[in-house]
Amino acid sequence: MFKYIIRRLLQLVPVIIGISIVVFMIVHLAPGDPILMMLGEDATPEDYARLQRIYGFDRPIHEQYLRWAGNALQGNLGVSIRQGAPVSTLIYSRLPATIELAFVSVVLAVLLGVPLGVLAAIKRQTPVDFFSMIVALLGVSMPGFWVALMLLTYVALNVGWIPMFGRGGSIFNGFWQLITTFDGSELYDGLRYVMLPAISIGTAMMAIITRLTRSSLLEILGRDYIRTARAKGLTERVVVFKHGLRNALLPVVTVVGIQFGAMLGGAVITETVFAWPGAGRLIVNAIQQRDFPIVQGGVLMMALIFTLVNLTVDLSYAVLNPRIRYD
Amino acid sequence: MDRKLGILTLVLVLVFGLGSIVTASSPDTIVVGSGAEAVGLDPRLETDVPSFERINVISESLVTFDTQMELVPRLATEWDFSDDGMTLTFWLREGVLWHDGEPFTAEDVKYTFEWVLDPDKAAPNRALYADIGEIEIENDYLVHFHLDNPNSFLLNNIARMPVVPAHHGERDDFRTNPIGTGPYKFVNWSRDDVMNLEAFNDYWGGEPIHPYVQFRAIPEASTRLLAFEAGEVDMYQGGMVPQELPRLEDDPNIIVERTPGTGYSYLGFNTKVGPLADVKVRQAISRVINREAIVDRVMNGIGTPGVSPIPPTLPWFSDDVYDLGYDIDAARELLEEAGVLGEDLTLRLFTNENPDRIRIAEILQFEAARVGITVNVTIEEWGAYLSRIQDTEDYDIFILGWGGQLDPDRAMYRQFHTDGPNNYTFFSDARLDELLERGRTLDPTSQESIEIYTEAQQIVVENAPYGFINYTEEVLIFHPHIEGITVHPYSANTWQDIHLVRKN
């Protein structure tokens, strides 16, 4: 197991180098110029040349890459052109919000999606099943931004304590505060704010999980060993949850992992609608402003986190199914 | 396990059930919801309007524009140009304190402008101040700017550069943790979320009425509007959804203030390429711009039809110019005179992803087809679009806009002088160059200045390097419980007097 993890981590090295080169080339070769965007309306060609020199964009591109990569190796992702702050600080300040939103969305989606899927599978071809599948179909069909706007118009506008936008306290700190000092105020404040964005993102995911759980469980429940379990007189509850669901969850975990990773960088639209200060918006704004250091550093960080999440998912297979061993 | 879960659920239910907090903004705090986040708070480094909206609350310039676009004293109480126009003298306000308690003096003024002019510093707006030669301090409250070239409109540029404290200006984090002389002190900033400011009780203009001001960046216009209607923000600014305006104006619980702005949008013609080198063809296309329809239907009545490069808010504006208003028959005649009517004329029009501009491009495509011109529209992402217009000559027609046109020099020299840095149409006219150079040396309040720029506008409009589309309008929306705010034609200055705003 330990060896396996080391091997997987070593495999990361060429992946990260590859990503860094691709991202660097894309941002530098695509049309658009950070200095032009920064200068605004009043600049002269002399200003342009002066700033190119100050920011080092007058150097050959391979030299720029090597300098950037050399700094990145030492943990220095450079300084934002537009904001003047170190890129690592900027990303670090945004990651908690992004992870929190992704986490709450996943928890919501799993807490609703798995039971609904199980219910649909064991009550197959009954109104319960049809209802679950309609909910799931609606969930995948509604675009996230639309769900967001509906939630704002019909929920937030009418329920006084649900805010329209922004982020409250950190729910992780809040949870810690709750269990250490029994003070739930920060958790409450955090949840109030994260609720609607998490529902907007989580809806589609919940729908996918419901459908996947249902089909996966149905397939497992048709297997021979389930028949054996029933034949030896186990209660239906033990058959479904201990023997069935545990095996049926493997594909669900894979999808949850991939979705969680994708949310880290891909929740931009929801982040924009709810003015959620996440990393996705930081990077998209940086792309629009051609703030190269943030784009390069941000994409690199996202890629790193995504691969680490995938590794965690792979390791969790062994927990769900003891027959899977890594060595 | 089940019991633990039960307890957790109970706790959560209790916590939520007890929640009686309502999200409306607190009575101590004025909450501004704006469409875009600031890039930074160092006046020497920023170029975008959202940054200056916030900077102008924390920091102050020597002079500023009031809501009538008149220059009024701020950190300078008086100013005067020498008779030869080569020295600009400022008498500074005494008893002004920086937020850290240090006194404001001429040293700070000299420091700020010398920093901006230093070629080794990264000030993007250096060109605006390039005519300043030497800055001489006579005493703590008297400072002379000796100019290398006469520049009558330099004051307008100085009005756009708040003064930075010499004793903090070199600090690395000044851009995200600034010190100023303005009515509110910077407290903290969580980018893309909230910026908190606190009243500066030693402000020279008197103690601010409310202890706190909060800027919230809410990029999505519909969320911003809902948050405003729910009372979470007190004032709404930026990126109005035009379709919503009629409804808001009818609502007695909402105040909508509008004023003509300082910008306009236009069609630019590349005067170097084929048929557009002919002034008749440019005039013809200008005549097929259905300006009224664009203002009414695309902008929902926000703004007015464009006439000339100077916005109607400025005294130099003249509509005594060659008539290039919407007229399909006149356009056909012009094309016939140019000898291209009935020929297969195809032109490439470029625009960025701005939805209003895309709709304008579609209207233009339709109208141009009526006189036999095929317009192919290409929509590009802003950064790529900007590079195309600024770095290449690879376009026929483009849609762009100018904002913050605070004087005729700013509105015309860069765009239409043969050597102007933003002359994307490659237009050149000897008489116009002469007028624009002369205008810079004249007293802006003189009749001669008005006459010169009237003639310059006539030359530009008649030769049609631009087809003017519409003038902008500034819109500010707030609740009736807010008193003492007025919409500003130059939106960067909107909140400069927010210490006088009362929230009931």
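Colleague: Let's start with the two chains, so how many residues of chain A are in contact with chain B?

Modeller: In this predicted model, 44 residues of chain A are in contact with 42 residues of chain B.

Colleague: Which helices of chain A supply at least two residues each to that side?

Modeller: On the side of chain A that touches chain B, at least two residues come from each of α2 (34-39), α3 (45-55), α7 (144-156), α9 (185-221), α12 (268-273) and α13 (279-289). The largest share, five residues, is supplied by α3(A).

Colleague: And how do the residues on that side divide by class?

Modeller: The side of chain A that touches chain B has 24 nonpolar residues, together with eleven polar and nine charged ones.

Colleague: Switching to helix packing inside chain A, at what angle do α5 and α14 pack?

Modeller: Helix α5 (residues 87-122) of chain A packs against helix α14 (residues 292-320) of chain A at an angle of about 50°, and their axes are 10 Å apart. The two helices, α5(A) and α14(A), are therefore oblique to each other, and their crossing is right-handed.

Colleague: Which residues make that contact?

Modeller: From α5(A) they are V87(A), S88(A), L90(A) and I91(A), while α14(A) brings P293(A), I294(A), G297(A), G298(A) and M301(A). By class, the contact of α5(A) with α14(A) comprises six nonpolar and three polar residues, with no charged ones.

Colleague: What about α5(A) and α9(A), how do their axes cross?

Modeller: Their axes cross at roughly 35° and come within 6 Å, and α5(A) passes α9(A) in a right-handed crossing. The contact of α5(A) with α9(A) has 23 nonpolar residues, six polar and three charged.

Colleague: Now chain B, do β8 and β9 pair in the parallel or the antiparallel sense?

Modeller: Strand β8 (residues 184-190) of chain B pairs with strand β9 (residues 194-199) of chain B in the antiparallel sense, over six bridges. As one example of the pairing, W189(B) has M195(B) in β9(B) as its bridge partner.

Colleague: What sits between those strands?

Modeller: The hairpin of β8(B) and β9(B) has three residues between the strands, and in that hairpin D192(B) takes a positive phi near 70°.

Colleague: Which other strand is joined to β9(B)?

Modeller: Strand β10 (residues 212-217) of chain B is joined to β9(B) by five bridges, and these strands run antiparallel. Within this pairing, L197(B) stands opposite V213(B) in β10(B).

Note on methods:
Residues are numbered from 1 along each chain as its sequence is written. Chains are lettered from A and ligands numbered from 1 in the order in which they are written. This is a predicted model: local features need pLDDT of at least 70, side-chain atom pairs count only at pLDDT 80 or more; totals for chains, interfaces and linings use all residues. Two strands pair if DSSP finds at least two bridges between them. Helices (H or I, at least four residues) and strands (E, at least two) are DSSP runs, numbered from the N terminus. Two residues are in contact if their C-beta atoms, placed from the backbone, lie within 7 Å. Ala, Val, Leu, Ile, Met, Phe, Trp, Tyr, Cys and Pro count as nonpolar, Asp, Glu, Lys and Arg as charged, and the others, Gly among them, as polar. Axes are lines fitted to C-alpha atoms, for helices over the stretch in contact, and angles run from 0 to 180 degrees between N-to-C directions. Angles under 35 degrees count as roughly parallel, over 145 as roughly antiparallel, 65 to 115 as roughly perpendicular and the rest as oblique. A crossing is left-handed if the near helix is turned anticlockwise from the far one by less than a right angle, and right-handed if clockwise.
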